[in-house]
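Please work through the exercises below with the sequence and the structure at hand. Each task is followed by a solution in steps.

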Amino acid sequence: QGISAKVIAEAAPSMTFDPAIVRRDRAQSVFNQTFLQFSDRMVGGGRIPNGLAKIKQHAALFAKVEAQFGVPAPVLVAFWGLESDFGANFGKYNILSANATLAYDCRRPDFFRTQLLDSLRIIERGDQTVDSMTGDWAGEFGGMQFTASDYLKHAVDFDGDGRRDLTKSIPDTLASAANFLNSLGWQRGQPWLQEVRVPQKLPWDQADLAIKHPRSQWVAWGVTAAHGSLPSDNLPASMILPMGRHGPAFLAYPNFQAFLGWNSAYVYSTTVAYFATRLAGAPV
C-alpha cells in the first residue's frame, strides 16, 4: 500500500481493538428522532448566536474561501457548528483504534479498511501525527469531522504552512469543507433550502426529493415563501416534508444534494441546511 515501515511502527501500538466502539456502532439511534426534535436540539441554545459571531470574527477568511470555492459562510458555519461545535469538540477516541476496530468487527469492514489505510497515509503525508489522531468513535476527526478518506482527498492547505491541518488550522478547516462541498456538486450563488407554506390542496404525490419542478410550478400550486419571496422562475426545486403534510415544509434546491452527499441521513442534512438558512438571515 506504499505506507512506510516507520509510520506502521509508530501507529501499530494505537491500532488496538476497542469494544466500546463496537457497542457504539450497534446502538446508533440519534437519527431516529423527528426533524423538529433533532433540529431543536442541534440548532437551539447558543448555536445560532455563536455561529453568527464566528461569521463576524472570521469575515475576511470566509470572503476569501467563498471567492475561491463559491461556498458562503452560513453553509460552512452550519457544518462547523454541528460537526464539532465550532472546533470545541473533536471527540475523544483514538482514530487509529477506531478504524482498526471497525475494519475488524463491523457492518462495513471494507469501508473501514480503506479508512484505516488512509489514516496512515495522512500521517505519512505529514498532515497529522499518531498522537494528534483523536476524534469520533466512527473514525471522523477535525473541525469538520472528515473521514480519513475525505481528509486525504479534499483537505486544503489554506494557511500556506505546507500541511493540511484540519484540527488546529481554521483556514485549512473551512477551505477544506468548501472544497469537499464543491466535489459534491455545489453551485456558486445558488440557494440550498427555503422554508415555505403549503396550501391545503397540493398534489401531495409530488412532494418527494426525487421529484423536481420549476419554482413557477410550485407557485402556481399555491406554495408561498414562509419568509421573504418565492420567485416564479425556472429554478428546479423539490418539496420536502420532513414530518408530513402538517409539519414544516421546504423547497430543496439542487445545492441540497451537497448536504446529502456530506451525510446521507435525511434528518441531519435537512437540519444543517435549515441551520445555514437561519445563519443567512431566515427568521424562526
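**Exercise 1: Charges over rings**

Determine over which ring face Lys64 lies.

Solution. In this predicted model, Lys64 is placed over the face of Phe158, 5.0 Å from the ring centre. A further case is Arg108, which lies over the face of Phe111 at 4.7 Å from the ring centre.

**Exercise 2: Two aromatic pairs**

Classify the pair formed by the rings of Phe146 and Phe180.

Solution. A search of the whole structure gives 18 aromatic pairs. For Phe146 and Phe180, the ring centres are 5.3 Å apart and the planes stand at 65°. Planes over 60 degrees apart count as edge-to-face, so the pair is edge-to-face. The pair links distant parts of the chain, 34 residues apart: Phe146 belongs to the loop between strand S2 (134-135) and helix H9 (148-154), and Phe180 to helix H10 (residues 170-183). Both Phe146 and Phe180 are buried.

Trp218 and Trp221 also form an edge-to-face pair, with 5.3 Å centre to centre and 70° between the planes. Trp218 has a relative accessible area of 0% and is therefore buried, whereas Trp221, at 24%, is partly exposed.

**Exercise 3: A helix residue**

Decide whether Asn99 is buried or exposed, and state which residues Asn99 touches.

Solution. Asn99 is part of helix H7 (residues 95-104). Its relative accessible area is 1%. Buried means under 20%, so Asn99 is buried. Not counting residues up to four places away in sequence, Asn99 touches Phe112, Gln115, Leu116, Ser119, Ala138 and Gly139.

How values were computed. Residues are numbered from 1 along each chain as its sequence is written. This is a predicted model: local features need pLDDT of at least 70, side-chain atom pairs count only at pLDDT 80 or more; totals for chains, interfaces and linings use all residues. Side-chain values use heavy atoms; hydrogens and water are left out. Helices (H or I, at least four residues) and strands (E, at least two) are DSSP runs, numbered from the N terminus. Buried means under 20% relative accessible area, exposed over 50%, partly exposed in between (1.4 Å probe, protein chains only). Contact means heavy atoms within 4.5 Å. Rings of Phe, Tyr and Trp (its six-membered ring) pair if their centres lie within 6.5 Å; planes under 30 degrees apart count as stacked, over 60 as edge-to-face and the rest as tilted. A charge sits over a ring if NZ of Lys or CZ of Arg is within 6 Å of the ring centre and within 35 degrees of the ring normal.
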